[in-house]
Protein chains: 2
Amino acid sequence: MTEPWKLTATEASKLLRKGDLTVEEYAKSLLSRIEVRDPIIKAWAYLDRDFILDQARTLDSVPESDRGPLHGIPIGIKDVILTKDMPTHYNSRIYASHPIMSVDAAPVITLRAAGALIFGKTATTEFAATMEGGPCGNAHDPARTPGGSSSGSAAAVGDFQVPISLGTQTFGSVIRPAGFNGIYGLKVTWGAISREGLAQYSMTTDTLGFFTRSVADLELLSQVFQLADDAPVPSSPFSLEGAKIAFCKTPVWAKAGPGTIAAYARSQDILKSKGALVSELELPKEFERLPEWHGKILAGEGRTSFLGNYLLAKDKMATSFAAMVENKTQLSRKAQLEAYDGCARCRWIWDEIAEEYDVIITPSTVDEAPLGLSSTGDASFNAIWTILQGPVLNVPGFKGENGMPVGLTLVTARYRDLHLLHVGKAVGAVFTAEGGYKHKLL
Amino acid sequence: MTEPWKLTATEASKLLRKGDLTVEEYAKSLLSRIEVRDPIIKAWAYLDRDFILDQARTLDSVPESDRGPLHGIPIGIKDVILTKDMPTHYNSRIYASHPIMSVDAAPVITLRAAGALIFGKTATTEFAATMEGGPCGNAHDPARTPGGSSSGSAAAVGDFQVPISLGTQTFGSVIRPAGFNGIYGLKVTWGAISREGLAQYSMTTDTLGFFTRSVADLELLSQVFQLADDAPVPSSPFSLEGAKIAFCKTPVWAKAGPGTIAAYARSQDILKSKGALVSELELPKEFERLPEWHGKILAGEGRTSFLGNYLLAKDKMATSFAAMVENKTQLSRKAQLEAYDGCARCRWIWDEIAEEYDVIITPSTVDEAPLGLSSTGDASFNAIWTILQGPVLNVPGFKGENGMPVGLTLVTARYRDLHLLHVGKAVGAVFTAEGGYKHKLL
């Protein structure tokens with residue numbers, strides 16, 4: 001048998017159901033991987049081996065008839081998401097020794113109800129709201145950033161330490177680390193999953209996301225969280241033959257580095273070779289303002305979100321939070337409201353554009369993960385899709401000049417999350433097979 | 001000296017600052033009022049006399065130079081808002097014996113940092129998301145509903161048990177109980193105050209609100225929460241002479257009962273007698289869909305928000321939550337998105353309309369509080385202002401056919417919260433003086 005830590009959730013689930021693997025064995029296998037790799041990758045903010053094994057044994061004792069769809073599946077939780085039995089520290093000096101908060105965030109309640117094994121808390125940037133990285137490193141080169149702010153969640157899945165983890169995205173905090181770590185990352189449609197119990201930065205953009213190493217695992221999660229499109233998704237695989245696929249450089253294309261430029265070109269060749277109808281999509285003029293509007297909305301909402309902790313202990317916070325609370329940029333309410341209303345207009349324009357294509361493909365990151373851990377890297381390519389509030393999927397498969405993974409982003413209209421996964425599965429299969437990146441372990 | 005429990009926060013604050021009142025004395029006075037009245041009104045979900053007095057003595061020991069703007073002011077917290085030292089039960093059977101969650105909601109952090117005395121948790125409807133009332137009664141007649149879902153918060157302030165309390169509004173949960181209990185209620189602009197640590201029902205509408213017995217207390221809170229309009233608010237009182245005031249019947253005017261109809265007419269006479277330029281405002285045709293869109297947004301977002309607890313223990317939840325999660329109304333994503341986009345369009349149209357007037361006045365409730373505690377009453381007049389996301393203020397002063405209080409709603413454009421309070425202070429003064437309602441205690 002393959003070592004269990006190498007399995008995706010879907011693969012492990014099959015063995016668990018058949019009785020060929022116990023939750024305890026699975027957990028022990030992942031813990032053995034973590035024991036070797038954590039000193040190098042540092043993906044975990046909190047991990048209690050004994051507690052994990054206790055929980056695993058409890059799950060093993062659940063009668064088969066009572067087992068949920070995620071029975072025994074270990075899941076890492078970004079350390080800005082409340083867990084009733086583990087501390088939540090937000091990578092904040094204010095909360096560094098705060099007691100356990102004794103409440104589960106809504107998505108954690110859902111995961112537990114589905115039988116998941118909540119494994120530990122993963123490293124993040126301060127309140128998931130700075131670009132300051134460390135100590136967590138990239139799964140494929142610990143000297144490079146894993147991206148942020150869902151740093152540990154992406155690194156842990158990329159490094160086979162857990163099959164699934166939760167992240168959040170306000171700017172590019174799911175898609176960028178997924179791209180940098182060569183894994184799938186899904187930011188769901190805004191509102192499709194409850195945000196109760198997640199740290200708040202921006203009410204307009206903060207959204208839950210998942211990291212996995214397969215689209216099948218994302219489909220499993222989409223069932224657990226009851227994601228639902230209007231149109232039923234066909235049970236047969238999506239066919240790339242004749243598929244209408246648009247490529248979109250976005251207004252920030254000038255930032256793209258060689259790895260991203262190559263992936264963008266290579267992916268078009270691959271899709272054309274499968275019979276897809278590939279075209280280039282230019283966004284309407286008004287969309288050029290989206291990055292600026294995204295920034296203004298974050299500034300205006302951060303001003304509110306960080307007030308409490310600012311009053312409590314501003315000396316223990318990143319200065320960028322104090323700057324937001326103090327409105328150092330002198331953002332006016334008028335500008336903030338113009339940003340809200342401008343983005344709202346773009347949302348329905350975007351949905352109409354997106355409906356014309358099976359999927360739209362666009363860069364995930366400016367390039368492969370850069371060297372160094374001090375910054376979590378550039379999220380420029382993510383802002384407009386986050387503020388448009390539709391589902392966003394990172395698909396891995398390509399590599400940069402230094403052999404690090406490079407992914408591409410698939411987007412579509414709001415509340416077409418299942419459709420995006422359906423297409424993403426077919427696209428992911430060919431990108432992974434022909435994109436040029438191979439994980440050392442596979 | 002007046003008994004301290006009769007004071008507004010601003011009045012008590014003056015005495016506390018001068019050393020004419022200690023926090024402990026103030027708390028004891030309120031507790032004595034509560035001791036007499038709580039068996040009748042039942043406003044509190046949690047109240048620990050000894051803990052309150054401990055906290056009060058701790059506040060008394062704070063050196064004068066370290067005292068905050070809310071030093072020693074007792075504040076009731078709706079029991080869907082997390083408090084690190086008191087349980088949060090959401091009036092839910094699922095959380096009836098849940099341990100203390102050891103974390104403060106962001107607004108509670110802000111209040112504590114300002115020196116407030118967090119007094120206890122106030123009665124609410126289940127997850128602040130049903131119309132099912134009880135056991136809390138109205139401050140002016142315990143056989144009548146206090147409104148909901150911020151039932152206890154409004155009743156406690158209306159009954160002089162605390163000077164200030166926190167509520168939340170998704171439909172009409174601040175304005176309706178404020179109206180029914182004859183007090184001020186302010187729902188701030190969506191996004192103006194952090195929602196972290198509040199129960200989540202609808203991400204588009206859930207908003208924090210305050211209950212007080214004076215506009216000066218709301219102004220004090222607006223400073224603590226750093227509410228900020230673009231235009232500075234004049235330091236001189238707002239003059240009703242020549243003020244442009246529009247009255248708006250809204251598309252649900254047909255629901256107005258005699259108390260509300262009389263208040264609507266009487267208030268126009270009062271304002272005209274002060275020299276205000278009063279006109280009738282008809283909303284654009286498209287606004288007729290706002291109540292329907294509000295309902296669809298709540299249904300679509302409730303489907304997400306209640307999933308976790310539904311999976312955890314659906315047998316311990318109101319059936320209305322299960323109906324949302326199961327999407328019993330077969331709401332489509334298309335309809336939900338149309339509601340989002342339609343409301344977004346109305347928001348900027350509304351802001352333009354509102355800028356033409358100093359303030360717009362509209363009903364708060366269909367009538368005075370009805371008899372019985374089983375239902376928290378009709379919130380029809382509140383939905384459109386909640387979904388438009390601007391600030392909303394209930395101003396008391398009128399009475400219904402049975403002598404119960406009736407209030408009116410003042411609204412304006414988004415992020416003009418301070419302006420609304422400035423106008424509301426002048427309007428409140430004349431409504432209270434000439435509207436015909438007198439509190440038994442005053």
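Salt bridges between chain A and chain B: the count is two. By salt bridge I mean a side-chain nitrogen of Lys or Arg within 4 Å of a carboxyl oxygen of Asp or Glu. Arg414(B) and Asp341(A) form a salt bridge through their side chains, at 2.7 Å, N to O.

A word on the basis. This is a predicted model, where local features need pLDDT of at least 70 and side-chain atom pairs count only at pLDDT 80 or more, while totals for chains, interfaces and linings use all residues. Residues are numbered from 1 along each chain as its sequence is written, chains are lettered from A and ligands numbered from 1 in the order in which they are written, and side-chain values use heavy atoms, with hydrogens and water left out.

Back to the interface of chain A and chain B. Polar contacts there come to 18 residue pairs, both at pLDDT 80 or more. The rule takes a pair of N or O atoms within 3.5 Å; within protein, one must be able to donate a hydrogen and the other to accept it, and residues adjacent in sequence count only if both atoms are side-chain atoms.

Which elements give two or more residues to the side of chain A that touches chain B? Helix 4 (106-113), helix 9 (290-305), helix 10 (307-313) and helix 12 (333-354) of chain A. Helices here are DSSP runs, H or I, of at least four residues; strands are E, at least two; both are numbered from the N terminus. Helix 12 of chain A brings the largest share, ten residues. By class, this side has 26 nonpolar, 14 polar and twelve charged residues. Nonpolar covers Ala, Val, Leu, Ile, Met, Phe, Trp, Tyr, Cys and Pro; charged covers Asp, Glu, Lys and Arg; the others, Gly among them, are polar.

Now the extent. 52 residues of chain A contact 52 residues of chain B, with contact meaning heavy atoms within 4.5 Å. The two chains bury about 4400 Å² between them, 58% of it on carbon and sulfur atoms. Buried area is the accessible area (1.4 Å probe) that two parts lose on being put together, summed over both.

Next, inside chain A. 30 residues of domain 1 touch 25 residues of domain 2. Together the domains bury about 2500 Å², 64% of it on carbon and sulfur atoms. Which three residues supply 24% of the area that domain 1 buries against domain 2? Ile94(A), Tyr201(A) and Glu338(A), more than any other three residues.

One salt bridge is counted between these domains. The side chains of Glu338(A) and Arg289(A) meet in a salt bridge at 3.4 Å, N to O. On the domain 1 side, helix 12 and helix 13 (383-388) of chain A each give two or more residues. Helix 12 gives the most, eight residues. That side has 17 nonpolar, seven polar and six charged residues.

Over all chains, the salt-bridge count is 48. Take Asp159(A) and Arg33(A), whose closest N and O atoms are 2.9 Å apart. Asp159(A) sits in the loop between helix 5 (151-158) and strand 4 (164-169) of chain A, Arg33(A) in helix 2 (residues 23-41), 126 residues away.
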